[in-house]
Amino acid sequence: NGAGKSTLLRLLCGLGRPTTGRVVHNGHVNGILELGGGFHPDLTGRQNIVTVGILNGMTKTEIRAREQRIISFAELEEFIDQPVRSYSSGMYLRLAFSAAMEFDTAVLIIDEVLAVGDERFQKKCLDRIARFKQAGNTLIITSHNTEQIQALCDQVLVLEEGQAVMQGEPKAAISCYHDLMQQRTDKRIAQLGGEKSAAPMVAGQGSRQGTQEATVRTVRLCDKN
């Protein structure tokens, strides 16, 4: 948290200029940086599809040709003509993601929002992203979900306090990320005046990680129920 992930994505989307360096891209860039970004709460879902499509440089005819696919993927047929202010966060996500995937994007940028929504819809999103990548497009995603990163990414950039710590294949980058998390834990322990934690946890050993500010001392099974 606070490493600069969302700031970097905003720069890639053109929502600001870098203090140094430059951002160069080839093809249309679209981003889902927050739930319902670009949606007007008083417009219906259908009206917002048109608005977001126009903001992405499409004509109304092009948008109408994609509209039903967007609504169907989002599974919002029953609610599409209601104001989006009445939508749940999950409904917002479904509509935002569905629209972004239909608007002829060469580079799609997603800021952690795949963490929202039920398991079934997340799988739909991941399958749709896989087809998007297979078509030769570029996906840039930030996440703390290492399984998601492993499944979706070919290259991973690890950030810490605004600096690039490493860039490489997912397995090595995830290991680096875990090391950084361990360092943060050890730093927190030192601030509390405790001792450093043991060696990093290896699956199956049953050892603990953490600052020991709270511990589970005993678990009792009182009867067969």
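**Salt bridges, strands and cores in a predicted model**

Reader: Which two side chains meet in a salt bridge at 2.8 Å, N to O?

Author: The side chains of Asp42 and Arg85 do. A salt bridge is counted where a side-chain nitrogen of Lys or Arg lies within 4 Å of a carboxyl oxygen of Asp or Glu. The two residues are 43 apart and link distant parts of the chain, with Asp42 in the loop between β1 and α2 and Arg85 in the loop between α3 and α4.

Reader: What kind of model is this, and how are residues numbered?

Author: It is a predicted model, in which local features need pLDDT of at least 70 and side-chain atom pairs count only at pLDDT 80 or more, while totals for chains, interfaces and linings use all residues. Residues are numbered from 1 along each chain as its sequence is written, and side-chain values use heavy atoms, with hydrogens and water left out.

Reader: Back to that pair: how accessible are Asp42 and Arg85?

Author: Asp42 has a relative accessible area of 48% and is therefore partly exposed, while Arg85, at 54%, counts as exposed. The classes are buried for under 20% relative accessible area, exposed for over 50%, and partly exposed in between (1.4 Å probe, protein chains only).

Reader: How many salt bridges are there by this rule?

Author: The count comes to 10. One of the others is between Arg184 and Glu160 (3.0 Å, N to O). Arg184 is in helix α7 and Glu160 in strand β4 (residues 156-160), 24 residues apart. Arg184 is partly exposed at 31%, whereas Glu160 is buried at 17%.

Reader: New topic. How many helices and strands does the chain have?

Author: The protein chain has 7 helices and 5 strands. These are DSSP runs, numbered from the N terminus: helices are H or I with at least four residues, and strands are E with at least two. Starting at the N terminus, the order is α-β-α-α-α-β-α-β-α-β-β-α.

Reader: Which strands does β2 pair with?

Author: β2 pairs with β1 (residues 29-32) in the parallel sense over 4 bridges. β2 is also parallel to β3 (residues 138-142), to which 5 bridges join it. Pairing requires that DSSP find at least two bridges between two strands. As examples, Asn30 stands opposite Leu108 of β2, and Asp111 has Thr142 of β3 as its bridge partner.

Reader: Why is β2 described as largely enclosed?

Author: β2 (residues 107-111) is largely enclosed by the rest of the structure because 5 of its 5 residues are buried. In a regular strand, side chains alternate between the two faces of the sheet. Here both faces are covered: Val107, Ile109 and Asp111 are buried on one side, and Leu108 and Ile110 on the other.

Reader: What about the largest nonpolar core: how many residues does it have?

Author: It has 42 residues, and those with the most contacts inside it are Ile49, Tyr87, Leu95, Phe97 and Leu139. Helix α4 gives the most to this core, with 9 residues. Another core, of 5 residues, lies apart from it and includes Leu9, Val29, Leu33 and Val107. A nonpolar core is a set of buried Ala, Val, Leu, Ile, Met, Phe, Trp, Tyr and Cys residues joined through side-chain atoms within 4.5 Å.

Reader: Which residues of α2 are buried, and what covers them?

Author: In α2 (residues 45-55), the buried residues are Gly45, Asn48, Ile49, Val50, Val52 and Gly53. Their cover includes α3 (60-74) and α4 (89-102). After α2 comes Gly57, whose phi is positive, near 85 degrees.

Reader: And Thr61, is that buried or exposed?

Author: Thr61, in helix α3, counts as exposed at 64% relative accessibility.

Reader: Lastly, which residues make the nonpolar surface patch?

Author: Val216, Val219 and Leu221 make a patch of about 370 Å². Patch residues have over 30% relative accessible area and no salt bridge; like charges are joined within 9 Å, and nonpolar side chains (Val, Leu, Ile, Met, Phe, Trp, Tyr) within 5 Å. The areas come from the Shrake-Rupley method with a 1.4 Å probe, and for residues only the protein chains shown count as cover. Val216 lies in the segment after α7 (170-192) and is exposed at 53%.

Terms used. Contact = heavy atoms within 4.5 Å.
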